[in-house]
Amino acid sequence: MRRLLLATCLALPTLLAAPAWAAPEITMLESDDPALRLGRHQFPGGRVTEFTIGIGSAAHHRAGDPADIVYTLSDRGPNIACADAEAFTGQKPAEICAADPRGRIYPVPDYSPTLYGVQLLPEQRRFRVFEAIALKRPDGRPITGLTNPLPGRTEQPLDGQGRRLAFDPAAIDAEGLLRLPDGRFWVGEENGPSLVEVAADGRILRRIVPAGTEGEFAGAGYRIEPGLPAILARRQSNRGIESLAGTPDGATLYAILQNPLANPDAAAYRGARNTRLIRFDPAAGRVTGEWVYQLDAPQSFRNDPSDRQSDPRISEMAWLGPDRLLVLERTEKTTKLYEVRLDQGATDIAGSAWDDAATRPSLEQLRDLSGSGVMAVTKRLVLDSADHPELPGKIEGIALLPGNTLMLINDDDFGIGGERTRIALVRGALEW
């Protein structure tokens with residue numbers, strides 16, 4: 001078993017030095033569970049792809065559950081950006097995406113984002129799926145993972161033959177996950193972006209969206225409530241809420257935008273480091289705090305360094321204690337875990353001018369916060385996957401297990417590129 005070395009913090013103003021804890025250990029789990037098979041699809045031209053189910057978009061271990069039980073989450077199903085079409089379908093974008101070159105291909109368009117019960121079997125170096133709960137409307141009809149009708153702010157869905165599909169106001173691009181003591185779930189949602197309350201049987205109870213966008217979800221068949229700041233509707237396409245955490249009783253939720261907003265435009269998004277961390281009260285239906293989280297420089301992600309500031313993103317979060325969070329910041333091949341504190345001088349910007357779309361420069365346009373009156377949250381590096389080649393790329397799920405064990409799970413993108421779901425159990429990486 002490989003020994004995991006704690007990575008050294010980058011010398012940035014918002015980072016704190018890591019203490020010299022004992023080096024943790026990693027155990028890798030894999031699965032050949034038939035429940036993870038989704039079937040095959042033949043694209044125009046003859047290429048056939050064998051799909052698996054990507055269950056690793058989020059993970060959560062509920063306090064009091066057996067130590068070997070976690071729940072995970074799939075996202076919207078197999079999907080391919082038209083810009084990547086040739087690599088994965090064998091067809092040039094001009095061929096398979098003739099209906100809309102900026103669209104997105106859904107080879108299994110009726111797939112429903114699903115919650116999965118997973119049993120960890122570390123002695124056998126494997127895991128198994130024992131439950132699948134599809135997300136559905138209150139009347140029991142399954143939802144899809146297609147795009148919502150957000151005018152000018154989303155992609156046209158196409159089927160596996162390149163034909164246009166209808167937008168779906170009920171669709172959910174499921175990401176973050178929290179399981180409550182009574183069996184209900186909260187799900188982070190990337191497309192809206194939004195927070196979604198889900199009953200134990202998968203029925204959607206309500207969806208919290210940016211103020212002023214409620215009408216864009218008309219016909220969803222479940223409750224739509226404004227409660228998030230209106231400015232969050234300026235999220236860059238596919239860069240909404242991908243992380244969610246909360247207190248064990250669900251009385252307080254935390255969410256981070258995957259990337260900085262396209263505020264005022266996509267050019268600001270591409271160069272921005274400042275993304276937004278939200279604290280939300282579900283009972284009151286309102287935000288109770290908002291802070292700035294600064295993403296690392298893209299050159300610091302050692303498995304795949306780049307010069308594109310939009311490459312680093314936030315994909316998961318876990319609650320460690322009051323206003324204390326574990327945040328997963330990643331690129332495609334490198335994952336960093338940070339302990340984040342909101343009680344060490346970070347500025348609460350909720351309801352301030354930074355939430356006003358008319359403010360110039362916008363928060364996203366600021367390259368340096370000095371002189372702005374805003375202090376970002378402090379970050380302390382806990383783990384850098386670049387030091388540990390046994391860890392998979394594109395880790396998107398975190399679960400805190402008993403015995404000071406951290407579970408990490410990757411998103412295999414439904415096997416489109418040949419990846420498979422893997423789980424890492426990391427013992428002794430962090431105290432909580």
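A residue is called buried under 20% relative accessible area, exposed over 50% and partly exposed in between (1.4 Å probe, protein chains only). The model is predicted, so local features need pLDDT of at least 70 and side-chain atom pairs count only at pLDDT 80 or more, while totals for chains, interfaces and linings use all residues. Residues are numbered from 1 along each chain as its sequence is written, and side-chain values use heavy atoms, with hydrogens and water left out.

The cysteines were examined next. A disulfide is taken as a pair of cysteine sulfur atoms within 2.5 Å. The count under this rule is 1 disulfide. Cys-82 and Cys-97 form the bond, with sulfur atoms 2.1 Å apart. The link of Cys-82 and Cys-97 is left-handed, at -90° about the S-S bond. Cys-82 sits in the loop between β7 (80–81) and α1 (85–89), and Cys-97 in the loop between α2 (93–96) and β8 (104–106), so the pair ties together parts 15 residues apart in sequence. Helices (H or I, at least four residues) and strands (E, at least two) are DSSP runs, numbered from the N terminus. Cys-82 is buried, at 1% relative accessible area. Cys-97 is also buried, at 0%.

Strands pair if DSSP finds at least two bridges between them. Strand β19 (residues 274–281) pairs with β20 in the antiparallel sense over 8 bridges. Asn-274 has Gln-294 in β20 as its bridge partner. In the hairpin of β19 and β20, 4 residues lie between the strands. Gly-285, in the turn, has a positive phi of about 70°. Strand β20 (residues 286–294) is mostly covered, with 7 of its 9 residues buried.
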